[in-house]
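Colleague: Could you walk me through this one? I'd like to start with the overall layout and then get down to single residues.

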Amino acid sequence: KFDIAKKETALLINKFPNNYFLYNLFGTILAAQKKFDEAVIYFKKSIQITPNNADAYNNWAGILADQKEYNKAIEYFQKAIQIKPNLSEAYYNLGNTLSAIEKYDESINNYHHAIKIKPNYVKAYDNLGNVYKTINDFENAISCYEKAIKIKIDHAGAHHNLALALKEIGKF
């Protein structure tokens with residue numbers, strides 16, 4: 001119900017024009033609707049109001065990563081982490097971005113940071129497993145997939161990835 005959320009958030013922005021959270025929220029809604037250029041305008045406004053807004057940097061960086069502007073995305077994920085060192089999502093997103101540009105060791109480190117902050121971070125375990133599988137470290141990949149499944153038994157992606165990793169090493 002993004003249209004309703006967008007309408008209500010716009011009304012709140014009109015009522016509270018200096019509320020950084022509302023601009024970040026509006027940007028997030030626009031990003032979910034794939035209106036990335038508009039979303040960036042609201043993330044910038046949120047940061048303009050509150051320069052140490054880690055969530056807005058993280059959200060903006062996510063759009064940059066999706067647009068394959070990896071260097072700028074990495075810079076903004078790191079800025080989010082600098083501002084808010086316990087923002088597990090920024091570490092996770094940075095891990096995804098570093099993996100996309102084949103910086104696997106750095107990617108692995110960031111997934112581990114995300115998991116350290118949020119021990120039940122299923123998506124981080126799953127993507128960490130994917131990186132391990134990419135570098136042919138099947139033992140660690142399988143372990144990550146199993147941890148993801150232990151946390152969320154119905155995580156289809158982790159089951160699928162575990163099956164592929166087991167197949168790869170001949171454990172049918």
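Modeller: Happy to. Helices are DSSP runs of H or I with at least four residues, strands are E runs of at least two, and both are numbered from the N terminus. With that in mind, His155 is in the loop between α9 and α10 (156-168).

Colleague: Before we go on, what kind of model is this?

Modeller: This is a predicted model: local features need pLDDT of at least 70, side-chain atom pairs count only at pLDDT 80 or more, and totals for chains, interfaces and linings use all residues. Residues are numbered from 1 along each chain as its sequence is written, and side-chain values use heavy atoms, with hydrogens and water left out.

Colleague: Good. Back to His155, then: buried or exposed?

Modeller: His155 is buried, with a relative accessible area of 16%. Buried means under 20% relative accessible area, exposed means over 50%, and partly exposed is in between, using a 1.4 Å probe and protein chains only.

Colleague: And what is His155 in contact with?

Modeller: Leaving aside neighbours within four places in sequence, His155 is in contact with Val122 and Asp126. Contact means heavy atoms within 4.5 Å.

Colleague: Let's zoom out. How many helices and strands are there in the chain?

Modeller: The chain has ten helices and zero strands. Its C-alpha atoms fill a box of roughly 60 × 30 × 25 Å along the principal axes. Of the 172 residues, 43% count as buried. If you take contacts between residues at least 6 apart in sequence, 42% of them join residues at least 24 apart.

Colleague: Which residues have the most contacts inside the largest nonpolar core?

Modeller: Trp60 and Leu128, in a core of 52 residues. A nonpolar core is a set of buried Ala, Val, Leu, Ile, Met, Phe, Trp, Tyr and Cys residues joined through side-chain atoms within 4.5 Å.

Colleague: Which helix gives the largest share of this core?

Modeller: Helix α4 (residues 54-66), with eight residues. As for Trp60, apart from neighbours within four places in sequence, its contacts are Val40, Phe43, Lys44, Ile47 and Tyr76.

Colleague: How do α3 and α4 cross?

Modeller: The axes of helix α3 (residues 36-49) and α4 come within 9 Å and cross at roughly 155°, so α3 is roughly antiparallel to α4. Axes are lines fitted to C-alpha atoms, for helices over the stretch in contact, and angles run from 0 to 180 degrees between N-to-C directions. Under 35 degrees counts as roughly parallel, over 145 as roughly antiparallel, 65 to 115 as roughly perpendicular and the rest as oblique.

Colleague: Which residues make the contact?

Modeller: Phe36, Ala39, Val40, Phe43, Lys44, Ser46 and Ile47 come from α3, and Ala56, Tyr57, Asn59, Trp60 and Ile63 from α4. They divide into nine nonpolar, two polar and one charged. Ala, Val, Leu, Ile, Met, Phe, Trp, Tyr, Cys and Pro count as nonpolar, Asp, Glu, Lys and Arg as charged, and the others, Gly among them, as polar.

Colleague: New topic: at what angle do α8 and α9 pack?

Modeller: Helix α8 (residues 122-134) and helix α9 (residues 138-151) pack at about 165°, with axes 8 Å apart. That makes α8 roughly antiparallel to α9. By class, their contact has ten nonpolar, three polar and three charged residues.

Colleague: Where does Ile151 sit, and what is in contact with it?

Modeller: Ile151 is in helix α9 and is partly exposed, with a relative accessible area of 32%. Leaving aside neighbours within four places in sequence, Ile151 is in contact with Pro119, Asn120, Val122 and Tyr125. Ile151 and Val122 are 29 residues apart in sequence and 6.7 Å apart in space, C-alpha to C-alpha.

Colleague: And Ser107, buried or exposed?

Modeller: Ser107 is buried, with a relative accessible area of 0%. Ser107 belongs to helix α7 (residues 104-117), and, apart from neighbours within four places in sequence, its contacts are Gly95, Leu98, Ser99 and Val131.

Colleague: Last one: what about Lys15, buried or exposed?

Modeller: Lys15 is exposed, with a relative accessible area of 61%, and lies in helix α1 (residues 2-15). The C-alpha atoms of Lys15 and Tyr70, 55 residues apart along the chain, are separated by 36 Å.
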